[in-house]
Amino acid sequence: MNRFHSLAELDPAEIRDLLALASRLERNPEPQALAGKLLGLLFLNPSLRTLASMQAAMHRLGGTSVVLAPGQGIWQLEHRDGVVMDGSAAEHVREAIPVLAGYFDALGVRAFAAGVDLEADLADHEFRNLASLAAMPTINLESAVDHPCQALGDWKTLDNLGVPADGKLVLSWANHPKPLPLAVPAAVVHMAAARGMEVVVLRPDAYALPEPILARARSAAEASGGRVSETADRAAALAGAHVLYGKSWSSPAHYGDLETERDLRKRLTTWTIQPDWFDGADPAAHFFHCLPVRRNVVVADAVLDSPRSVVVRQAHNRLWAQMAVLHRLLGGSR
Amino acid sequence: MNRFHSLAELDPAEIRDLLALASRLERNPEPQALAGKLLGLLFLNPSLRTLASMQAAMHRLGGTSVVLAPGQGIWQLEHRDGVVMDGSAAEHVREAIPVLAGYFDALGVRAFAAGVDLEADLADHEFRNLASLAAMPTINLESAVDHPCQALGDWKTLDNLGVPADGKLVLSWANHPKPLPLAVPAAVVHMAAARGMEVVVLRPDAYALPEPILARARSAAEASGGRVSETADRAAALAGAHVLYGKSWSSPAHYGDLETERDLRKRLTTWTIQPDWFDGADPAAHFFHCLPVRRNVVVADAVLDSPRSVVVRQAHNRLWAQMAVLHRLLGGSR
Amino acid sequence: MNRFHSLAELDPAEIRDLLALASRLERNPEPQALAGKLLGLLFLNPSLRTLASMQAAMHRLGGTSVVLAPGQGIWQLEHRDGVVMDGSAAEHVREAIPVLAGYFDALGVRAFAAGVDLEADLADHEFRNLASLAAMPTINLESAVDHPCQALGDWKTLDNLGVPADGKLVLSWANHPKPLPLAVPAAVVHMAAARGMEVVVLRPDAYALPEPILARARSAAEASGGRVSETADRAAALAGAHVLYGKSWSSPAHYGDLETERDLRKRLTTWTIQPDWFDGADPAAHFFHCLPVRRNVVVADAVLDSPRSVVVRQAHNRLWAQMAVLHRLLGGSR
């Protein structure tokens, strides 16, 4: 493995290897595996879990990391090609990324969706451009339409909880004051489909996921024996579900149109996830969310504070999952 | 010791042990004592000394630290329970802290007083709430009414300078453009009282310390043989003093009332500490301040630049004191 | 060597020693040379390369670094002596620097020119003041009129490329939306002169370098056999040049006068470096720039993206050059 951009780039055996290594590292520390290795972490957007857990992962393996956040003591970076740089950005990524590639053994990059042009975001143009400039192993710390660290950690959480490989996972849209990226929904439906699950996307009609995201998940499902469907019917979706994965995202139908979205959301205030959503689900059904989560907007306190909620376990599994990724990328096993 | 929240939680033998360990580590480095250990540092407020010295302390013992500062590349955190999170905070501490607890071996938290509700600040509600969410050793990096790292470093400085255990320490209020927290005054009066000193709080009447802060110090003085009093009489306070500890703080009588405070302070411009304040003090009397200090507002250049001033020594002792705390919390001696 | 403030403070043998060590460290890693050593990095101004490469350099030698950036979670610092600190700065450098000196084994400081008073900036007053407060080895991470880390890395790049010791280096002014400091021009002309090169400063008349900068370079040239001249004649300057080093800087003739500068620059838009600038140069001539560079303002894409451009190599050599400096300062060879 020489990069970690998407679970969709890995074959099932590679994913199983990472999951096994994550569990092994959780049980048997390898505090010198990456001694002397140096990871650069380029955050073009805010973070808490990824920021903390990537640094912790590197240190737990004996390596070190350096955080770089343009706009916070670092020049703003220009991304567009061919532009006359007479604005606020002092440096172009075509210099910045190759420069950093000379200082570190691997580079993690977080680059959210711009949220303006759906096609560009679905093509993950910005992250792919940045990664292409780095002649070194690169890690996707969340791009416009993927978040493989989250997906791998979630897969481990599903395994640890004993959720059946062919169990039912419902990814439900939820309310939120802002239009959010499609990265986690895209990564989660693919991950659950690749795991062989019955994946149901529950959402208002205006929030139907873009076809390329569903197509990728369906393709994974075909290989694994899983299934992928979408619905606006909450009761049908949740009947017998093993997992309710809550998450808000932008309306693909009104992408970048903030006003229309705002009006839409005013009529969708019943999409705050409540305890009674679980009424027809499997009695042991779990609540997942990638965090950060807005309490009593996305999901009620009564769900988050109940034993159904495993959001903190998900976050903790990010650490072990990322340690496995770093171990494979930086040659710790050699 | 499984947490370091306040010197007032430790018994005299535990404090003596930390001081002895701090001095031992100053003389005899233990560069591998905390090898492999990882400290998270959550700064909800600015810092220079604490930020630099906690990282240095961890590294000097062979461990590593990760700094996390919400608002600087990290989501704003919500602290209130039961709130509908439709504002600027994207994440609740009820998720953030337990998540971080899974990544680190110990967590330091800096959470200043809100400065609005005196009762809430005196109860140290926010810090206690944050610490209660972390299932791991926690360190108070300055809370609403305590700053045990400062207090422990100051105790070491008093010892190093040979200030008599039953010597006289005057904590004097000083002028400042802003109303500041009560954390350092509260920690210092308790520390000096617990050391057995004669503690005099010198302040204008509107700046009398709240009764719970004085009561805690008096209780420590009873056990140690020290004394605690308050006065607005400068000459009486400083007569024979071994230490003049300068510090500004908010008026407890007008807590959160910024306008009244501003008017009050306009009449208190003589409370800039000057060389002649030492006229009746012990000839070898020292000037202490926790830093940061505003020159020529809190204290005149002529005091800070004189041999009386030991403010830099105080700051340096923070390093050794915190190394002792980390050593005890993270099992370096085992 | 107990400080690294300017190449102009080192004799030729010391510079040769650093260059040889840089190359040795590039070939033969010494991952434990600075084990246990701790470097503080005080950034009073933004950075990308220096921030990333100094941390990488320290880690590659087994040491650790701590970044401190006032204004980003750290109090604003006051620099002026004797001032009544009732403004926004909460702490004075006269406390901050000596405090930090107690936590670290060496301190790097970045302090740009204020850009108001040319005499003060030429005297490098602020950096010299900060460094004088630190009783420890200090490193100049770019001051008002010097940038020795850049200069040393550039020297190594010239050597690696086989540019003749007596080759011709043209430092050309270039257009830019803002008036920039004189630090890199001053450091580069001195470095190239000390290397024995024929240095030509190509610039519009209003951008003639200040006499003290030229005098320092001339003095180095006298010792090395190099030469230093200035001209506004592009063809003459570039005839036979081995290196075109692009860089924008403020007009010394109108220092701090932003309006006059803005008007001046409107008439200087032909000073964007283009491929045809190399027409009379040595066929193998290289393009240098310290970065960050504004594409299509300072230099055309067609130059930066051509094989002539070695800007990324320059940045990479910063790493090895700084490792040599840290190794010598922190006693790695002992």
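Predicted model: local features only at pLDDT ≥ 70, side-chain atom pairs only at ≥ 80, totals over all residues.
## Domains of chain A

Chain A is split into two domains. Domain 1 takes in residues 7-146 together with 317-329, and domain 2 covers residues 162-309. Their C-alpha centres are 26 Å apart.

Where the two domains of chain A meet, domain 1 contributes 15 residues and domain 2 contributes 20 residues. On the domain 1 side, 10 of these residues are nonpolar, two are polar and three are charged.

## Helix 1 and helix 12 of chain A

Helix 1 of chain A (residues 12-27) and helix 12 of chain A (residues 311-329) have axes that come within 8 Å of each other, with a crossing angle of roughly 110 degrees. The two helices of chain A are therefore roughly perpendicular. Their crossing is right-handed.

From helix 1 of chain A, the residues in this contact are Leu18(A), Leu21(A), Ala22(A), Leu25(A) and Glu26(A). They meet Trp320(A), Ala321(A), Met323(A), Ala324(A), Val325(A), His327(A) and Arg328(A) of helix 12 of chain A. By class, the contact of helix 1 with helix 12 of chain A holds nine nonpolar residues, one polar and two charged.

## The sheet of chain B

Chain B has an open sheet of four strands in the order 2-1-5-6, paired in parallel. Strand 2 (64-68) and strand 6 (138-140) of chain B are the edge strands, and each pairs on one side only. On average, neighbouring strands of this sheet are turned by 20 degrees against each other, direction ignored.

Within the sheet, strand 1 (residues 38-43) and strand 5 (residues 106-110) of chain B are joined in the parallel sense by five bridges. One of the bridge partners is Ala106(B) in strand 5 of chain B, which is paired with Leu39(B). Helix 2 of chain B (residues 49-60) packs on the sheet and touches strand 1, strand 2 and strand 5 of chain B. The direction of helix 2 makes about 155 degrees with that of strand 2 of chain B.

## The sheet of chain C

In chain C, four strands with parallel pairing make an open sheet in the order 2-1-5-6. Strand 2 and strand 6 (138-140) of chain C each have a single partner strand, so one side of each is left without a neighbour in the sheet.

Strand 5 (residues 106-110) and strand 6 of chain C run parallel and are joined by three bridges. Opposite Leu107(C) stands Thr138(C) of strand 6 of chain C.

## Contact of chain A with chain B

Chain A places 29 residues in contact with 26 residues of chain B. On the chain A side, helix 2 (49-60) and helix 12 of chain A are the elements that give two or more residues. Helix 2 of chain A gives the most, with eight residues. The chain A side has 17 nonpolar, seven polar and five charged residues.

## Contact of chain C with chain B

The contact between chain C and chain B takes 26 residues from chain C and 29 residues from chain B. On the chain C side, the elements that give two or more residues are strand 1 (38-43), strand 2 (64-68), strand 4 (91-92) and helix 3 (93-101) of chain C. The largest share, five residues, comes from helix 3 of chain C. The chain C side divides into 15 nonpolar, eight polar and three charged residues.

Technical notes:
Residues numbered from 1 in each chain as written. Chains lettered and ligands numbered in written order. Contact = placed C-beta atoms within 7 Å. Nonpolar A, V, L, I, M, F, W, Y, C, P; charged D, E, K, R; others polar. Axes fitted to C-alpha atoms, helices over the stretch in contact; angles between N-to-C directions. Parallel < 35°, antiparallel > 145°, perpendicular 65-115°, else oblique. Left-handed = near helix turned anticlockwise from the far one by under 90°. Domains from an automatic or database assignment. Pairing = 2+ DSSP bridges.
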